Amino acid sequence: MSNPFVSNAPQRRRKLERGSKSTLLLAALAALAGLIGLLLAGAHPLVKWALAILMGLASGWMIWLLTEGNQEEPFLRVVKRERISIWKKIGVRISAIVLALLVDALFILCVTGLNPIDVYVTMYQGTFRTNRLIMAALRDWAPLLLISIALAPAFKMRFWNVGGEGQVLMGALGSALVMVYVPQAINTMFPPETAAGLLSGPVIYLLMLLASVALGALWGFIPAVFKANFGTNETLFTLMMNYVAIKIVSSFFNLWRGKASALGQLNMTTKVGWFHGTTVLGVRNVTYLSTIIFALVMMALMFCYLRYTKHGYEISVVGESQRTAQYAGISVKKVTIRTMIISGILCGIVGFLIVGGKDQTISTATAEGNGFTAIIVAWMAKFNAFYMALISAFLIFLEHGSQEITNAYQIMNKYAADIITGIILFFIIGSEFFINYRLVFRSVRKEVR
Amino acid sequence: MTDYAIELRHITKTFGSVVANRDVSMFVRKGEILSLLGENGSGKTTLMNMIAGIYYPDSGEILVDGTAAEIRSPRDAMRLKIGMVHQHFKLINVFTAAENIALVMEHKGKYSLKSVKARAREICDQYGFDLDLDQKVYEMSVSQKQTLEIVKVLFEGADLLILDEPTAVLTPQETERLFNVMRAMRNNGKSIIIITHKLHEVLEISDRVVVLRKGEYVGDVLTRDATTAVLTEMMVGQKVSLNIGRSDPRELHIRLAVRHLSVLNAENVKVLDDVSFDAFGGEILGIAGISGNGQKELLEAIAGLQRGAEGSSVIYYPDDDRDSTAEQLLGKPPAAIRKMGVHLSFVPEDRLGMGLVGSMGMADNMMLKSYKEGHSLLVQRNAPRKLAREIKESLGVITPSIQTPVSRLSGGNVQKVLVGREIAAAPTVLMTAYAVRGLDIHTSYTIYRLLEEQKRQGVAVIYVGEDLDVLIELCDRILVLCGGKMNGILNARKTTKEQVGLLMTKLADKEGKDR
Amino acid sequence: MEMLIAWILRTVSFGTIILFGAMGEIITEKSGNLNLGVPGIMYLGGFAGFAVAYLYEFSSPQYIPFVGMVLAVVCAFLAAMLGGLIYSFITITLRANQNVTGLALSIFGQGVANFFGAFLLNGKTVTQTAVHHVFQAKIPFLSGLGVPGQILFSYGFMVYGAIALAFFLQHLLNRTRVGLNLRAVGENAATADAAGVNVTRYKYMATCLGAGISGLGGLFYVLDYNNGIWATTDQIEALGWLAVALVIFATWKPRNAIWGSYLFGMLYWLYQYLLPLLGITVSSYATDLIQMVPYVVTIVVLIITSLRKKQEDQPPQNLGIAYFREER
């Protein structure tokens, strides 16, 4: 019987063997050489282009080898790792970041012609040059971390809460409502002295907190109820809830600003509901210290909540398998709703902290897109609150660094942050592969016949 | 020109540190039905998956028609006219039968469902298959799905067919029909490899038997020279005393009374229909039946995981006595049942998808049902850790540590963890579903002995099984389910396999009940 | 009447943006890849198309609008595909988490578009290319035929292209072998693999081509809907998310995406046209509440569909899961 495929096999194999381990190594070396060459070469643009093309080709060849490798060609195979030492893990992650920085450097060099090392130093200074900058970074870090912490239990339960943005906004709205309307009510209900006492005391903050918690919880509760009872797709639901929240907030925004072009800070004259400023690290009038402290406390609490409490255990089981949860006597419905309420409450509190502490006002941009960024943070940290702190700090560092280079170099603009961040994220996410799998190169096997 | 349809030479395959096949060499003649025999975990499926292009061997070579062949993917296998029916069907649920068949067509030529249907119809007619080509797979029964799988393979024009445990889900009649088809295919010159661990089927259908043990080739025998004893010894490697040591039940006391239990599925079809029986402490009640005839629903209804239909009841007698307290279990969720103080243990069929949390270690899995105890908000991990260590020790669970995710353990060890936990809960009722499925013979006997031990301690054991020999040897009474209906309860000491088999397939003739 | 016509015109235009985005994502998701990078991909497509047309217009002495149009479409498609390729490599070959990768791609795409966009803006807040005339060219003669002409024939070619593409994709998915294989890959990659379908290749192709199609949505936004104006904007991001939502809304069927997108477009512009139609005037904060309608309607429809569960309306079974053949 003649089978063309069978008769071709030996030839095909010989062809494959030529392109085995050494080729891949060669490709990798070529790519690296090209990269380093590019970074060092202040030379002729033609040399640069040649190196860039070389690098592109080499990486393309590598990608081809890798992709084809796990499908057809047996000389390079992907095998699942059983275990990996912690040092190797750290090593993989660090090399990923280093590689990403190299690629970013390349990008900076090619596009702007700036010296990447100078740019990196400038970026570093963007966060660490002065105490004021450090505080500014902490100010932006705390809400991002808090929202990540808020989303983590939901995602761990495999509940797709992309509604962090809306939950924060509703929380913020709660506080803003209290700031706008409660003073009026108090002033009409009580004599002036009592009213002033009430307004400067803790009552107003308590009311703001309660309103924020209630609205945030509601925004978590609604999609959860439908998911738990009817299996309604929560991704779309929470996404739409974001827009509903945005529209509600923008409605109040327009109502309050009236004929003015912008809203400005709420209670500008009375400062009712504003957090008191303190001096930290020589930086005066820091109104967001409570947010930072709260974030640190919540980080520890959420870590313990997920790891050591019965609720955390239930969340893990539900996230793994709903059938197992049922078997274990865990009410999936109850856990889903409870966890989303917790998620919503935390987001609501973030809204409260932003309105009272950081902004003293509200707009549709109050959450600054952190509701989405936090999803990345939570997933990349695998829901470990301490990792979340690190990752969110890293993201904020990049953002502030990019702000700095925008100021320092005319050719840069703030969107460089997104590109640099994106590339670093790609590398870190992709490096996970080398933690879970290893590549097996097939050495030359004995010839058939 | 060779007489061999396929030949394997020195095939080795490892998964991480586990050697699935070591240096296996074997062949299949043209026009032969070959049984590949071995215990679960002996590497039969892995070996066949390498022929089918699912896995790639670490070393060794495969010759098709006498020529060396590289089988890198299922597509290569298809080109070499090799087709495999996997034990877990490889079908797309939302596709119709015809679409599933069209999927495997050589990826050339014009796509036309019509011509696919016409050709499939021809194949069905040739072998007498009854298949609705426009039916969606999710609406099909298991045997229909299997028929579809076989039609698929024939459609590809395979000359070598591999059937992985094809009879596990079939009734005896369906099995007989399948065997007839296989004979017809052999007469058409096709070669067939059938993977199985059922000896009588091996003897009935095959021409030759190849035996694997622990991933290694043991030898081959012509079927006409083989006996059950010879094959068992080859399979297990030593003479095993298959003696469970069943004790006579003593001091039977009433524990559960199931009355008129019916369960509806999502489509409102009765999957369990008016089942009534008593379960006593101090005996093992076997449940026999072809898989998918209501066993799962029966156990899950008792465990509080399924809702019973109108008129159903499951009464629990805590005091060994029908006249004293009686508690209704039906309609209460598992947590409520536990709160009542009812110690109900349940080893479900789906171990990692239901009984255990795969990503957690032994220790955390130990508290799956008991984590709520105590008033603290925190989980208490000391007791489960201790229990995990005890079970690891006493049942010989092989795991790097009690924190290693249980999904990384082998099937036998996973089951030991699960059974160990359920027994450690000091149950008054212990229900097991296919407790030994996928386990090697030694682990199986460990489990049997554990159940026997529970029975002696006065536990009411309910054992759902598929191996009739074991059911008859292990249990005291056997309840037979067929189509969700109860077809009688037999005294295991007096009944025969044939009698049980008959009840499994025929609707009840109201006799044959004892007690 | 004029108001109604204007509303319909706006509706169709708006719908076309998210229709492109959703069609691309449908193809991607049919292969089992959940690409949340649609906003980023639409940015890439929109920016690349604009940049090429703009640079061509201002650097070439003999400017031919038609060539500018072709260049824009091709480059938008390629740039978006490149985004898809990054995503594919990380999720298919490196088997990384699809959600995180998609979100990172969103950040990246937005960054690339706005970073380089700033060079084109060169300090201005907006800049425009003339190529939008080609994109917005109405069908001659037919568009002049009174009201029906205005409603049916006065759109740019991409509007009709989107509809045609939707029908083509519907046909491709349900009536061809490629579609059958693609659906199989997304439903159950292991089965498709066993049937001899090259899973990796299908996933790559579907994801990259899907990204290309999504990218056209961005292109349409910039060069037609937005009159060829580039400005640093966050709106594409929101549109990208709407496209992702539309996929679920359309239950993974391109044909449903057509009416889904128009329905959404209609509701989206409700606030501007309905009240004047009825002769009511409200203050600006009430308009915001009316703008909530499309999202609320989506939620209501979502709840209603979730009440009646149909097997055919479920997402592809393997959506979000990386395939590794030797998984045990």
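1. In this predicted model, His10(B) is located in strand 1 of chain B, which covers residues 4-15. The phi of His10(B) is positive, about 50°, although the residue is not a glycine. For context, most residues other than glycine have a negative phi. His10(B) has 13 other C-beta atoms within 10 Å, and it is therefore partly exposed.

2. A positive phi is also found at Asp274(B), with a value of about 55°, although this residue is not a glycine. Asp274(B) belongs to strand 12 of chain B, residues 270-281. With 15 other C-beta atoms within 10 Å, Asp274(B) is partly exposed.

3. The overall form of chain B may be considered next. Chain B holds 17 helices and 20 strands. Its radius of gyration is 24 Å, close to the 24 Å that the globule rule gives for 515 residues, so chain B is as compact as a globular protein of that length. Along the principal axes, the C-alpha atoms of chain B fill a box of roughly 80 × 50 × 50 Å.

4. On the interior of chain B, buried residues make up 48% of its 515 residues. Of the contacts in chain B with a separation of 6 or more, 67% are between residues 24 or more positions apart.

5. Turning to the contact between chains C and A, 40 residues of chain C are in contact with 41 residues of chain A. On the side of chain C that touches chain A, at least two residues each are supplied by helix 3 (65-93), helix 4, helix 11 (235-249), helix 14 (284-291) and helix 15 (293-307) of chain C. Helix 4 of chain C gives the largest share of that side, 13 residues. By class, the residues on this side of chain C are 25 nonpolar, 13 polar and two charged.

6. Helix 4 of chain C (residues 98-121) also takes part in a helix pair with helix 17 of chain A (residues 416-436): their axes come within 7 Å and cross at roughly 150°. Helix 17 of chain A and helix 4 of chain C are therefore roughly antiparallel to each other, and their crossing is left-handed. From helix 17 of chain A, the residues making the contact include Ala416(A), Ile419(A), Ile423(A), Phe426(A) and Ile429(A). From helix 4 of chain C, they include Val100(C), Ala104(C), Phe108(C), Gly111(C) and Phe115(C). The contact of these two helices has 13 nonpolar, five polar and one charged residues.

7. A helix pair within chain A is formed by helix 7 (residues 164-189) and helix 10 (residues 234-257), whose axes come within 8 Å and cross at roughly 25°. Helix 7 of chain A and helix 10 of chain A are therefore roughly parallel to each other. The crossing of helix 7 of chain A and helix 10 of chain A is left-handed. Among the residues that helix 7 of chain A brings to the contact are Glu165(A), Leu169(A), Leu173(A) and Val180(A). Helix 10 of chain A contributes residues including Met241(A), Ala245(A), Val249(A), Phe252(A) and Trp256(A). By class, this contact has 13 nonpolar, two polar and one charged residues.

Definitions and conventions:
Residues are numbered from 1 along each chain as its sequence is written. Chains are lettered from A and ligands numbered from 1 in the order in which they are written. This is a predicted model: local features need pLDDT of at least 70, side-chain atom pairs count only at pLDDT 80 or more; totals for chains, interfaces and linings use all residues. Axes are lines fitted to C-alpha atoms, for helices over the stretch in contact, and angles run from 0 to 180 degrees between N-to-C directions. Helices (H or I, at least four residues) and strands (E, at least two) are DSSP runs, numbered from the N terminus. Angles under 35 degrees count as roughly parallel, over 145 as roughly antiparallel, 65 to 115 as roughly perpendicular and the rest as oblique. A crossing is left-handed if the near helix is turned anticlockwise from the far one by less than a right angle, and right-handed if clockwise. Two residues are in contact if their C-beta atoms, placed from the backbone, lie within 7 Å. Ala, Val, Leu, Ile, Met, Phe, Trp, Tyr, Cys and Pro count as nonpolar, Asp, Glu, Lys and Arg as charged, and the others, Gly among them, as polar. A residue is buried if 20 or more other C-beta atoms lie within 10 Å of its own, exposed if 12 or fewer, and partly exposed in between; C-beta atoms are placed from the backbone. The radius of gyration is taken over C-alpha atoms; the globule rule is 2.2 Å times the number of residues to the power 0.38.
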